[in-house]
Each structure stands twice: as structure tokens, then as C-alpha cells.
Amino acid sequence: MSNLYRSALQARFAKAPQLPPLPGEEEEEDDKDSLGSLPSGMGPPAAPSRTPRAARKRSPNPSFSPISAFGYFEQAIQVSVVPSDLDVRVYYTAPKFEDGTVIICHHGAGYSGLTFACMAKEITDMSKGECGVLSYDCRGHGKTKHLDGEKSPEEENLDIDVLTSDLIHLVQAVFPDVQTAPSLLLVGHSLGGSVCVRACPALQQHNYRITGVAVIDVVEEFTLEALPLMHSLLNARPEGFDSLEEAVEWHVKTNTIHNPASARVSIPSIVVPAPEGSPPSTPAYLWRTPLRSTAPYWTSWFTGLSSKFLSARTARLLVLAGTERLDKELMIGQMQGKFQLVVIPGVGHIVHEDDPTRMAETLVEFWRRNERVVVGVKKVGEL
């Protein structure tokens with residue numbers, strides 16, 4: 001297992017603070033948006049600081065202050081998805097033309113829909129409004145909540161089939177009329193890639209037009225091989241942070257995210273204020289999604305990903321960071337021309353945050369090649 005891949009995996013499971021609302025958006029109650037203690041039996045928790053918060057607190061660095069998502073998306077709305085019992089937070093910029101395409105983005109474990117904010121703005125600019133972008137917080141993440149009341153993070157069901165159904169139901173809620181729905185390009189990072197690959201055939205069965213599916217920086221064989229390292233990597237993270245600025249700064253200075261501008265938008269949405277009455281040693285902000293509690297799902301998230309990706313009946317794109325290898329199944333598929341492979345240098349695991357411009361260029365080029373395809377010319381990956 002390469003050091004590059006280990007560091008990438010550490011980046012995948014990093015988290016952080018809460019985002020200022022868009023104009024007109026009401027602040028949420030902190031007591032309804034908090035984390036309980038980490039569960040036992042999932043590996044040892046990160047060692048808490050013994051110094052009382054007041055004694056150790058330092059002045060926040062304004063260079064890492066949160067930036068609002070306003071200006072990156074046109075809307076930040078809650079969408080009621082009754083079949084999934086979810087009130088889903090959606091960030092959306094609609095295409096400017098009736099025959100436009102909507103790129104639907106699913107984040108990785110522990111992150112939120114705002115991880116795609118900078119990339120989304122680049123896409124809408126590069127496509128001159130022909131492409132819209134819809135990014136959302138999946139269950140147990142960000143500002144997505146249950147319709148029938150709150151569940152603790154440890155009670156959340158993050159089974160891959162449940163997450164896949166959530167995406168299908170969300171598409172049906174946002175675009176209920178298949179005849180007038182735009183064409184869709186599914187984009188998923190890490191866990192989100194698995195969800196998008198699985199949702200693709202189901203959406204096609206419902207007669208949605210899927211231009212393609214893009215998977216960002218996840219290869220089944222190497223991800224499964226590295227899962228035993230996850231508890232050790234989680235233990236290396238801080239228990240929390242004493243300010244939103246500190247959370248952003250930690251992600252930038254540890255190279256979890258290389259792009260400070262993107263981190264200032266995305267990181268505040270992945271931490272929550274510590275519950276009232278917490279011990280003095282508790283940081284002011286804790287991780288919103290306790291990843292140790294998701295350990296029972298890790299293997300199922302990625303098992304079978306390569307075969308499902310290669311069998312998707314649409315154009316296929318795999319984007320990797322640096323020089324990461326393909327597993328045997330993907331290597332054979334690449335030689336057979338079943339998918340487009342793009343390797344972006346100089347980035348970490350969070351490719352779309354580290355270099356949103358290059359990632360947007362890759363997706364817009366992929367969209368143009370396959371959505372605006374000339375009659376008689378096969379799409380990428382089409383046999």
C-alpha cells in the first residue's frame with residue numbers, strides 16, 4: 001500500500017465546521033444539530049485534550065474564516081423526500097436552457113454537498129449555463145434530516161442500498177416528470193461514486209436520460225485493501241476544534257484539502273457545536289458524522305464497484321489523483337475502451353476541491369463529448 005494512497009484515505013475521512021447560511025436562510029438550532037459521544041467497540045476514540053477549553057483557546061485565524069456558499073449555487077433548499085423519510089439539503093444551480101443537463105453530485109463519507117461548491121461554479125461558467133449542478137447532503141450528513149424526527153448519528157442507516165434509494169427518490173422528487181426532466185450526469189466522490197454507479201441503471205429503468213456516470217478517486221481493490229487502516233487514521237484526527245477557523249486551518253495545513261478557498265466553503269458544514277453541558281475539555285465543535293459508527297458499512301460500500309461501473313449502460317469516466325493504479329478489472333476495461341480515464345496531477349484525494357478548475361474542465365469536456373454526440377458516433381464506453 002503506497003504512502004500516497006494511505007494519505008489519500010486519511011483525507012477521505014476528514015471532517016469540519018458549520019457553514020454560514022445563504023441570504024434568507026434561517027439559522028438552525030444548535031441543540032438539534034449535535035453529535036453524541038462516539039460509540040464503543042468501533043476502535044479506540046481519539047484521545048481528548050485534558051486542558052479546559054478556555055485555557056487552551058487561541059484567537060481564530062481570519063485567513064481561514066468561513067465563506068458563505070452564496071455565489072457558488074443559486075439555491076440552498078430543503079427537499080422533502082417522503083419515500084426515504086428525509087428532508088434533504090440541496091444546493092442547486094439550474095441550467096439556463098430547456099435542453100440543458102444537470103450534473104448531480106454525491107459527496108464522500110463525512111463530507112457534505114458543499115464539497116462541490118467551487119467546482120459547481122466553474123462548471124456553470126465553463127458551460128455558459130448549459131449545465132446546471134445539483135449537490136446534496138446525503139443522510140447522516142450536513143443539513144439533511146429525517147421527516148419523522150431526529151435520529152442520533154449512530155442510529156443512521158448508511159447501507160449502500162439505502163443511500164442508492166435515497167438518490168433515486170431525490171431525483172424523482174426534484175424532477176417528477178420524466179418527459180420534461182433534463183438529462184443527468186451522475187458524479188460521485190469515493191462513497192458517492194459507488195452510490196451513483198448503483199443508481200444509474202435504476203434511474204434508466206424509470207426512463208431518465210443519463211448522459212454518463214463519473215467516479216472520482218476510488219478503486220475497489222485498493223480501497224478494500226486499505227479499510228483495516230481506517231481506525232488508525234481516524235485516531236490520528238483531533239477530537240474536534242475550538243473554532244470554525246481552526247477546523248478549516250487543520251484541513252489545509254494537514255493537506256487534507258490543498259485549496260484554502262474551497263475549504264473555507266466546505267469545511268464549516270461538517271462539524272457541529274458541542275452539546276450544552278459538555279465537559280470543559282470538550283472542543284467547541286465536534287465532527288458532525290461519527291465515522292467509526294459507519295464501520296459496519298465500509299466493505300459493502302465498495303464491494304463490486306468495478307464490475308458495476310464497467311457494466312453501466314452509459315458513458316463512463318474515472319478520475320484519479322496523481323498516479324494511483326487501476327485494479328485488474330478496471331485495467332482490462334480500460335484496454336477494451338470501456339471508460340475514459342483522467343489522472344489529475346498535484347492533487348490529493350479530494351480532487352474536486354484541490355483543483356476545481358481542472359475537475360470542471362474534465363466534466364464539461366466529458367459532457368460535451370457524450371451529450372452533444374454526433375448521430376452514429378458511439379459514446380465513451382459504449383460497445
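Student: How many bridges join strand E6 (residues 183-189) to E7?
Tutor: This is a predicted model, in which local features need pLDDT of at least 70, side-chain atom pairs count only at pLDDT 80 or more, and totals for chains, interfaces and linings use all residues. Residues are numbered from 1 along each chain as its sequence is written, and side-chain values use heavy atoms, with hydrogens and water left out. Helices (H or I, at least four residues) and strands (E, at least two) are DSSP runs numbered from the N terminus, and two strands pair if DSSP finds at least two bridges between them. Strands E6 and E7 run parallel, with Leu185 having Gly212 in E7 as its bridge partner, and the number of bridges joining E6 to E7 is six.

Student: How many residues of strand E7 (residues 210-216) are buried?
Tutor: A residue is called buried at under 20% relative accessible area, exposed at over 50% and partly exposed in between, using a 1.4 Å probe and protein chains only. In the protein as a whole, 56% of the 383 residues are buried. Strand E7 is mostly covered, and the count of its buried residues is seven of seven.

Student: Which strands stand at the edges of the open sheet that has antiparallel pairing?
Tutor: Three strands form this sheet, in the order E8-E10-E9. Each edge strand has a single partner strand, so one side of each is left without a neighbour in the sheet. Strand E9 is joined to strand E10 (residues 285-287) by three bridges, and Val272 stands opposite Leu286 in E10. The strands at the edges are E8 (240-241) and E9 (271-273).

Student: Why is the pair of Phe241 and Trp287 edge-to-face?
Tutor: Rings of Phe, Tyr and Trp (its six-membered ring) pair if their centres lie within 6.5 Å, with planes under 30 degrees apart counted as stacked, over 60 as edge-to-face and the rest as tilted. The whole structure holds six such aromatic pairs. The rings of Phe241 and Trp287 have centres 5.2 Å apart, and the pair is edge-to-face because their planes lie at 80°.

Student: Which residues are buried in helix H3 (residues 117-126)?
Tutor: The cover over the buried residues of H3 includes strands E2 (86-93), E3 (101-106) and E4 (131-136), along with helices H9 (260-266), H13 (351-354) and H14 (356-371). Just after H3, Lys128 takes a positive phi of about 55°. The buried residues of H3 are Ala117, Cys118, Met119, Ala120, Ile123 and Thr124.

Student: Which helix gives the largest share of the lining of the largest cavity?
Tutor: On a 1 Å grid over the protein atoms alone, a cavity is a set of points where a 1.4 Å probe fits but cannot get out, and lining residues have an atom within 4 Å of a point. Grid points are joined across faces, edges and corners, a volume being the space filled by probe spheres set on the points, and there are four cavities of 30 Å³ or more. The largest cavity holds about 60 Å³ of space, and its lining includes Val215, Glu220 and Phe309. The largest share of that lining, three residues, comes from helix H11 (residues 305-311).

Notes: 1 Å grid on protein atoms, 1.4 Å probe; cavity = no way out; pocket = protein on both sides within 12 Å on 5 of 7 lines; lining within 4 Å. Contact = heavy atoms within 4.5 Å.
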